[in-house]
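Try each task before reading its solution.

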Amino acid sequence: MVCTQVKAIEEAGTPPDSSFSFHSVLGSIDNATRALKKVPPSGVATADGHVAGLVTALENLRPQLPSATDTSLTSAPDAEARAKQVAELISGLGPVRQQLAGVVENAPELHTSYNLTPACEPVRAVTLPEPAPTRELVVWADKMCATVTSIGELTTDTADLAGEDPRFASFELESYVSTTNSTLDSAATQIADLTTTGVKEADAFRDTLLTALRDEAAKLPTNPPLGTEGPALQEQVELAKAAVTAVKPKAEGLLAVVGHGPALAASHDLAPSCVPRDIAAKPKPPLTARNGTDLAACKAGSCQVLVTGKADITVGELTVTVSIRGGRMVLTTPSTRMSIGPNGMGKIGVAGGPSVVFVMTEVQGTTAVLDISTE
């Protein structure tokens, strides 16, 4: 995870070109900061200190970057100069990938996991114990775990998806169909080019899942027209639910099949998108948040709270209805509605005041941990 984020930071600091997007750059910095904060300690003091220092540097950098609502970001002639300014500020963090590699070079206990992680650029090689994991098998496991996780987050429960406001009913159901379609299509693309592992059970698992993903995605409407209502929309919803019902069982059992190959099992436990098998076998601990269920703590503008089901949260002068369902967070005000997935971010502005930022950092069923702040 650390390698992925430092790569994104370094790319955000490259000189702007015709494809430069302020929203993308600012999003990369915000996403990297949140992700690095969630990195579990490695137990290696120098590495953990390096990550903590990078988080602090990013937090100190962010106020120096322009707001996403700054009109000079897109208005000529200021836009080009502002783009260079942003790139220079980010590049001022230094060669972050090179710095990370330097830390790892001096921590032999990290060499194996670092060298085998797909997003990392290997440092000096070390002799691995048998059965030795390989970079190719780590890549295979990483993509399979990410795919299985994305499928697991799909739902067939659309009963209250539209909520209580009929103005948003069609939008929510259209979003459900579109999200299901794109998830199945992306999942198939993710694992389509994986090479064989040499473990019969694992290769059969991948082939069966890929076939199911392609078959079910083909049954769903491609780019369904917006504004579909009534029976036509309901028919699309039922197709999406049927597709999820067909694919989900095919995505189960990954842990069992990787166990048939010792090297594959070892590679699985090193892959960033995978939960090590010994941890996955244990019951999930209950979610916790800094402020627990004390929603009043959010009034001042910064909190981390647990929300189950539905709740009204007031931040400053803004009150937002938050609903947790289907692995998603739905934010509603009298004039706004957003549906956001895990680790997604929603911003709601206040006239003449700051924007309120909602991030769903963890979710289990209808309970989620929300980080709420203002900017």
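**Exercise 1.** In this predicted model, find the residues that Leu184 touches, leaving out those up to four places away in sequence.

*Solution.* Start with Leu154, then move to Leu213, Glu216, Ala217 and Leu220, and finish with Ala243 and Val247; Leu184 touches each of these.

**Exercise 2.** Which residues have the most contacts inside the largest nonpolar core, and which elements give two or more residues to this core?

*Solution.* Step one: the core has 40 residues, and those with the most contacts inside it are Leu184 along with Trp140, Met144, Leu209, Leu213 and Leu254. Step two: the elements giving two or more residues to this core are helices H7 (135-152), H8 (169-192), H9 (200-219), H10 (230-247) and H11 (254-258). H7 supplies the largest share, eight residues. Step three: apart from this core lies another, of 31 residues, including Cys3, Ala12, Val25 and Ile90.

**Exercise 3.** List the buried residues of helix H5 (residues 96-105) and work out what they pack against.

*Solution.* First, pick out the buried residues: Val96, Leu100, Ala101, Val103 and Val104. Next, look down the axis: they cover an arc of only 160 degrees, so they sit on the same side of H5. Last, see what they pack against: helix H1 (2-12), helix H3 (45-61) and helix H6 (111-116).

**Exercise 4.** Where does Asp157 lie, and how far apart in space are Asp157 and Lys241, C-alpha to C-alpha?

*Solution.* Asp157 is in the loop between H7 and H8. With a relative accessible area of 46%, Asp157 counts as partly exposed. Asp157 and Lys241 are 84 residues apart in sequence, and their C-alpha atoms are 8.2 Å apart in space.

Notes. Residues numbered from 1 in each chain as written. Predicted model: local features only at pLDDT ≥ 70, side-chain atom pairs only at ≥ 80, totals over all residues. Heavy atoms only, no water. Core = buried A, V, L, I, M, F, W, Y, C linked by side-chain atoms within 4.5 Å. Buried < 20%, exposed > 50% of the residue type's maximum accessible area, 1.4 Å probe, protein only. Helix = DSSP H or I, 4+ residues; strand = E, 2+ residues; numbered from the N terminus. Contact = heavy atoms within 4.5 Å. Arc of directions from axis to C-beta.
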